[in-house]
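Please look at the structure below.

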Amino acid sequence: MEQQLPLRDIHLPEPISILWPLAPGWWLLLALLLLLILVSIWLLRLRKRNAPKRIALRKLKKLEKAYSDEPKKLVQEISTLLRRFYITKYPRNEVASLTGQAWLAFLDNQLGQQSFTAGEGRCLIDAPYRPDVAIDVKALLKLCRILLKKNDTLVS
């Protein structure tokens with residue numbers, strides 16, 4: 001006679017869901033994907049915010065090459081470039097109307113020193129109208145590069 005064991009019928013486990021619960025590796029992959037998306041958005045916004053500065057620095061380099069033999073024309077073009085740059089950064093009515101000493105004071109305020117009103121940047125208002133003005137082109141270009149690089153973010 002066979003001995004009867006108290007055995008139960010085979011119970012199959014619940015069917016495994018395809019989507020949930022995810023294994024830890026998939027959670028890590030999702031987190032990395034989300035982080036990658038957030039970093040990409042941040043970098044794109046940073047690039048867009050710094051576009052005027054990059055364009056102005058590139059234009060300054062082109063002006064330096066194009067007008068290396070014409071310092072007065074170079075000074076005029078630099079002044080126009082700086083004005084255009086600051087019109088993109090500040091409201092037009094605040095910057096476009098500035099001339100002479102007020103313009104140089106504005107540039108000094110952006111730089112945090114008196115290099116435009118009392119230094120090599122003064123030629124921005126003197127050079128186009130005076131035939132005998134001395135222009136230190138290298139110092140002016142260096143000053144403008146410093147000024148443009150210092151302006152990292154848009155205010156408006």
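This is a predicted model: local features need pLDDT of at least 70, side-chain atom pairs count only at pLDDT 80 or more; totals for chains, interfaces and linings use all residues.

Residues are numbered from 1 along each chain as its sequence is written, and side-chain values use heavy atoms, with hydrogens and water left out.

**Helix pairs**

Two packed helices are described by the angle between their axes and the distance between the axes. Here an axis is a line fitted to C-alpha atoms, for helices over the stretch in contact, and angles run from 0 to 180 degrees between N-to-C directions. Helices are DSSP runs of H or I with at least four residues, numbered from the N terminus.

| Helix pair | Axis angle | Axis distance |
|---|---|---|
| α1 and α2 | about 45 degrees | 4 Å |
| α2 and α3 | roughly 175 degrees | within 10 Å |
| α3 and α7 | roughly 10 degrees | within 11 Å |

Angles under 35 degrees count as roughly parallel, over 145 as roughly antiparallel, 65 to 115 as roughly perpendicular, and the rest as oblique.

Take α1 (residues 24-49) and α2 (residues 51-66), which pack at about 45 degrees. That angle makes α1 oblique to α2. Contact means heavy atoms within 4.5 Å. In this pair, R47, K48 and R49 of α1 meet A51, P52 and R54 of α2. The contact residues divide into two nonpolar, no polar and four charged. For these classes, Ala, Val, Leu, Ile, Met, Phe, Trp, Tyr, Cys and Pro count as nonpolar, Asp, Glu, Lys and Arg as charged, and the others, Gly among them, as polar.

Next come α2 and α3, whose axes cross at roughly 175 degrees. That makes α2 roughly antiparallel to α3. From α2, the residues P52, K53, A56, K59, L60, L63 and E64 take part. They meet L74, E77, I78, L81, F85 and T88 in α3. This contact has eight nonpolar, one polar and four charged residues.

The axes of α3 and α7 cross at roughly 10 degrees. The two helices are therefore roughly parallel to each other. P71, L74, V75, I78, L82, F85 and Y86 of α3 make the contact with V137, L140, L141, C144, L147 and L148 of α7. By class, this contact has 13 nonpolar, no polar and no charged residues.

How far does α2 reach from its first C-alpha to its last? Its 16 residues reach 22 Å, close to the 22 Å expected at 1.5 Å a residue. The expected span is 1.5 Å times one less than the number of residues. Buried means under 20% relative accessible area, exposed over 50%, and partly exposed in between (1.4 Å probe, protein chains only). In α2, A51, K53, A56, L60 and L63 are buried. Their cover includes α1, α3 and α7.

Helix α7 (residues 137-150) has 14 residues, which should span 20 Å. Its end C-alpha atoms are 20 Å apart, which agrees. Which residues of α7 are buried? They are L140, L141, L143, C144, L147 and L148. An α-helix has 3.6 residues a turn, so residues three or four places apart point the same way. On the other side of α7, K138, K142 and K149 are exposed. The cover over the buried residues of α7 includes α2, α3 (71-89), α5 (100-111) and α6 (123-126).

C123 is found in α6. Is C123 buried or exposed? At 5% relative accessibility, C123 counts as buried. Not counting residues up to four places away in sequence, C123 touches V75, P128, I135 and L140. The C-alpha atoms of C123 and L141 are separated by 12 Å, and these residues are 18 residues apart along the chain.

G121 is in the loop between α5 and α6. G121 has 0% relative accessibility and counts as buried. Leaving aside neighbours within four places in sequence, G121 is in contact with L104, S115, F116, L140 and L143.

T99 lies in the loop between α4 (92-95) and α5. T99 is exposed, with a relative accessible area of 57%. T99 and I125 are 26 residues apart along the chain, and their C-alpha atoms are separated by 8.2 Å.
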